[in-house]
Amino acid sequence: MKTNLKTETFTCPSCIKKIEGNLSKRDGVEVAKVLFNSSKVKVEHDESKITPDEIRNVVERLGYEVHNVKSS
């Protein structure tokens with residue numbers, strides 16, 4: 001499954017490392033990619049191990065506001 005999150009604007013490269021690093025450690029996450037210029041987080045994952053809501057919660061617990069979540 002692919003989940004895309006629209007987030008607040010990122011201010012520095014360390015934001016990218018923080019989000020990608022935390023998501024990549026989660027069971028079921030295959031790919032976690034932050035698109036700095038468009039303020040998006042793209043995640044490929046196994047929904048039976050981690051849901052879109054759980055992905056959103058990870059990003060929000062790191063201190064970033066999530067505005068929209070789309071999954072396919």
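Which side chains does a polar contact of 2.6 Å join?

1. **What you are looking at.** This is a predicted model, in which local features need pLDDT of at least 70, side-chain atom pairs count only at pLDDT 80 or more, and totals for chains, interfaces and linings use all residues. Residues are numbered from 1 along each chain as its sequence is written, and side-chain values use heavy atoms, with hydrogens and water left out.

2. **The sheet.** Four strands form an open sheet in the order E2-E3-E1-E4, with antiparallel pairing. E2 and strand E4 (66-71) are at the edges, each with a single partner strand, so one side of each has no neighbour in the sheet. On average, neighbouring strands are turned by 15° against each other, direction ignored. Strands (E, at least two residues) and helices (H or I, at least four) are DSSP runs numbered from the N terminus, and two strands pair if DSSP finds at least two bridges between them.

3. **Strand partners.** E1 and E3 run antiparallel and are joined by five bridges; Leu-5 has Val-41 in E3 as its bridge partner. Helix H1 (residues 13-24) packs on the sheet and touches E2 and E3, its direction making about 170° with that of E2. Such angles run from 0 to 180 degrees between N-to-C directions, with axes fitted to C-alpha atoms, for helices over the stretch in contact.

4. **The hairpin.** Strand E2 (residues 29-35) pairs with strand E3 (residues 40-45) in the antiparallel sense over six bridges, and Ala-32 stands opposite Val-43 in E3. Four residues lie between the two strands of this hairpin, where Ser-39 takes a positive phi near 55°.

5. **Back to the opening question.** The 2.6 Å polar contact joins the side chains of Thr-3 and His-45. Another, of 3.0 Å, joins those of Thr-3 and Ser-71. A polar contact is a pair of N or O atoms within 3.5 Å; within protein, one must be able to donate a hydrogen and the other to accept it, and residues adjacent in sequence count only if both atoms are side-chain atoms. Thr-3 belongs to strand E1 (residues 2-7) and is buried at 0% relative accessibility. Buried means under 20% relative accessible area, exposed over 50%, and partly exposed in between (1.4 Å probe, protein chains only).

6. **One salt bridge.** A search of the whole structure finds one salt bridge, a side-chain nitrogen of Lys or Arg within 4 Å of a carboxyl oxygen of Asp or Glu. Arg-56 forms it with Glu-60, with the closest N and O atoms 3.1 Å apart.

Conventions
Contact = heavy atoms within 4.5 Å.
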